[in-house]
Amino acid sequence: NTNDATIFEMFMEKNMIKDIIGLTAQNNRIVNISIFKGFSLLLTNISNKDYLLFLFSNNYINRLLCLPYDNSDADFVYYYINFIKSLAMKIDTQTINYFFNQKYFAFPLLMNALKLYNYPDQMITNVVRTILLSIIKLNHPPVEEFLFSLPCLSYYVFIACRFRDTIKALQRKIIRRKMNEVNLLN
């Protein structure tokens, strides 16, 4: 649709992203949630590679990623993690370099997602796993090196322990079910 292209081109030309990101300085919860919600929708609906490169090429998205937030605000965390997921789904081997800083061995997108790996809401932890899997599937050697070093390694221990606990819980359920079946037969 040419109207959509015209609107986005005006968005780029006027550098409106700078003004939108600037609104986060107000530290207003409702404004920040709206910004995350809006960027998530924008990222989900952009298919033009040039538009994505524009959004990623300046450091504004990384500034959004690094905003301080209250972990106890479940609504904010929901929109924040979905924003990160929207980004992760659009990253490829070319655009990952906008988010992964090889020089400083820093990856704010992934690290901010992994901070929520044991969040009380299961949906959030599932989104964190989705983000990690979308990053792993890129098979980007510098990022793989990051993934297999601390602090990322601690996440894998958590996953392994959670998997172990799930298996043990399933085993207990199976044993109880078998015992109930035996008791019913006697």
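Me: In which hand of crossing does H8 pass H10?

Reply: H8 passes H10 in a left-handed crossing; a crossing is left-handed if the near helix is turned anticlockwise from the far one by less than a right angle, and right-handed if clockwise. The helices (H or I, at least four residues) are DSSP runs, numbered from the N terminus. The model is predicted: local features need pLDDT of at least 70, side-chain atom pairs count only at pLDDT 80 or more, and totals for chains, interfaces and linings use all residues. Residues are numbered from 1 along each chain as its sequence is written, and side-chain values use heavy atoms, with hydrogens and water left out.

Me: At what angle do H8 and H10 pack?

Reply: Two packed helices are described by the angle between their axes and the distance between the axes. Axes are lines fitted to C-alpha atoms, for helices over the stretch in contact, and angles run from 0 to 180 degrees between N-to-C directions. Here H8 (residues 122-136) and H10 (residues 152-185) pack at about 125°, with their axes 13 Å apart. The two helices are therefore oblique to each other, given that angles under 35 degrees count as roughly parallel, over 145 as roughly antiparallel, 65 to 115 as roughly perpendicular and the rest as oblique.

Me: Which residues of H8 and H10 meet?

Reply: Contact means heavy atoms within 4.5 Å. From H8, Gln122, Thr125, Val128, Arg129 and Leu132 meet Tyr155, Tyr156, Ile159 and Arg162 of H10. These residues divide into 5 nonpolar, 2 polar and 2 charged.

Me: How do the axes of H6 and H8 cross?

Reply: The axes of H6 and H8 come within 9 Å and cross at roughly 20°. That makes H6 roughly parallel to H8. Their crossing is left-handed. Among the residues that meet are Val77, Tyr78 and Ile81 in H6, and Met123, Ile124 and Val127 in H8.

Me: Which residues of H8 are buried?

Reply: Buried means under 20% relative accessible area, exposed over 50%, and partly exposed in between (1.4 Å probe, protein chains only). In H8 the buried residues are Ile124, Thr125, Val127, Val128, Ile131, Leu132, Ser134 and Ile135. They pack against H6 (74-90), H7 (108-114), H9 (141-147) and H10.

Me: Where is Asn118 placed?

Reply: Asn118 lies in the loop between H7 and H8. Asn118 is partly exposed, with a relative accessible area of 47%. Leaving aside neighbours within four places in sequence, Asn118 is in contact with Thr125 and Phe158.

How values were computed:
Nonpolar A, V, L, I, M, F, W, Y, C, P; charged D, E, K, R; others polar.
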